[in-house]
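Please open the model in your viewer and keep the sequence panel beside it. The tour below goes from one selection to the next and says what is to be found at each.

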Amino acid sequence: MLILVTNDDGVHSAGITALTRALKKVGKVVIVAPDRERSAVSHSLTLHSPLRAEEIRPDVFAVDGTPTDCVSLALHGLLDSPPDIVMSGINRGSNLGDDITYSGTVSAAMEATLMGVPAVAFSLAEGPFSSRHFGHSAQIAAQICRYIGSEGLPRDTFLNVNIPKGKPKGISMTRQGKRQYQDMIVEKLDPRGRKYYWLGGSGLGFEDEPGTDSQAIGQGLVSITPLHLDLTNYKSLQLLGQLPEAIGFDQGPG
Ligand code: MN
């Protein structure tokens with residue numbers, strides 16, 4: 001089994017090191033990851049500057065681009081054959097609810113899915129994030145990797161896995177939760193008396209909905225959410241059916 005490992009915390013992070021160590025028992029591992037932290041870059045691609053991939057150790061490439069660049073470069077240039085699976089992480093900090101739309105970790109798995117390769121994003125929900133604290137999550141990642149290696153994943157589906165701090169009490173299959181956005185911006189003054197802003201204040205929580213990723217993590221469970229890339233809101237497709245006529249156009253075919 002050929003396993004491509006990437007992340008958004010950078011090629012030197014403790015999470016990718018722990019993940020790689022555990023996955024080496026499952027198959028051959030090649031790492032293609034950003035040369036520095038690129039958290040919250042989402043699914044961005046580098047289109048207006050060249051990319052460099054330096055092989056810093058055998059089968060370990062440091063790329064001066066985003067996680068999506070890394071997957072794309074690995075699949076279309078660096079690897080001799082396509083990987084059987086892409087494993088992204090283990091991220092420092094959770095990727096739950098609406099946060100997954102910002103996540104570089106999740107977007108790397110998304111990119112792999114677009115290319116037809118099964119993929120999983122892993123995040124350790126809470127610190128400390130020193131290498132020994134990634135142990136449990138890396139073991140679970142290896143078990144999930146082995147499972148997908150033999151069973152595969154449904155078409156157009158990838159997994160977002162969040163792992164609680166400490167020894168998990170179990171595993172819950174979940175749906176994506178919802179962020180509560182409040183006190184999002186911290187406003188302060190710099191030493192010269194000018195205002196500056198910092199995104200992501202302390203007031204961020206999640207709605208406590210049953211069956212969600214955030215609730216599972218709150219209960220000390222591993223959360224596994226199957227995701228897909230079709231963002232269509234099918235219910236609204238019906239609800240908004242009158243829109244073309246309402247603004248004076250004929251309803252087109254389809
Ligand atoms: Mn990150």
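Predicted model: local features only at pLDDT ≥ 70, side-chain atom pairs only at ≥ 80, totals over all residues.

Residues are numbered from 1 along each chain as its sequence is written, and side-chain values use heavy atoms, with hydrogens and water left out.

**The manganese ion**

Select the manganese ion together with Asp8 (OD), Asp9 (OD), Ser39 (OG) and Asn91 (OD1), which are its protein donors and lie 2.1 to 2.2 Å from it. Donors here are N, O and S atoms within 2.8 Å of the metal (3.2 Å for Na, K and Ca), and since water is not among the atoms, sites may look incomplete. Along the chain the donors follow the spacing D-D-x29-S-x51-N. Aspartate 9 sits in the loop between S1 and H1 and serine 39 in the loop between S2 and strand S3 (53–57), so this pair ties together parts that are 30 residues apart in sequence. Helices (H or I, at least four residues) and strands (E, at least two) are DSSP runs, numbered from the N terminus. Aspartate 9 is buried, at a relative accessible area of 10%, whereas serine 39, at 30%, is partly exposed; buried means under 20% relative accessible area, exposed over 50%, and partly exposed in between (1.4 Å probe, protein chains only).

**Helix H1**

Next, select helix H1 (residues 14–23), where seven of the 10 residues are buried, so the helix is largely enclosed by the rest of the structure. The buried residues are Gly15, Ile16, Ala18, Leu19, Thr20, Ala22 and Leu23. Showing strand S1 (2–6), strand S2 (28–34), strand S5 (85–92) and helix H4 (135–151) brings up elements included in what covers them.

For the largest pocket, centre the view on Ala40, Ser94, Asn95, Asp99 and Tyr102, which lie nearest its centre among the 20 lining residues. A pocket is an open set of points on a 1 Å grid over the protein atoms alone, where a 1.4 Å probe fits, with protein on both sides within 12 Å along at least five of seven lines; lining residues have an atom within 4 Å of a point. Its volume is about 480 Å³, volume being the space filled by probe spheres set on the points. The lining divides into six nonpolar, eight polar and six charged residues.

The second largest pocket has a volume of about 400 Å³, and of its 17 lining residues Ile100, Gln176, Leu227, His228 and Leu231 are the closest to its centre. Strand S13 (residues 222–228) gives the most to this lining, with four residues.

**Salt bridges**

Finally, turn to the salt bridges (a side-chain nitrogen of Lys or Arg within 4 Å of a carboxyl oxygen of Asp or Glu), of which a search of the whole structure finds seven. Select lysine 178 and aspartate 98, whose closest N and O atoms are 3.5 Å apart. Lysine 178 is partly exposed at 44% relative accessibility, while aspartate 98 is buried at 17%. Then select arginine 175 and glutamate 209, another salt bridge, with the closest N and O atoms 3.2 Å apart. This pair links distant parts of the chain, with arginine 175 in the loop between S8 and S9 and glutamate 209 in the loop between strand S12 (205–206) and helix H5 (213–218), 34 residues apart.

Note on methods: Nonpolar A, V, L, I, M, F, W, Y, C, P; charged D, E, K, R; others polar. Contact = heavy atoms within 4.5 Å.
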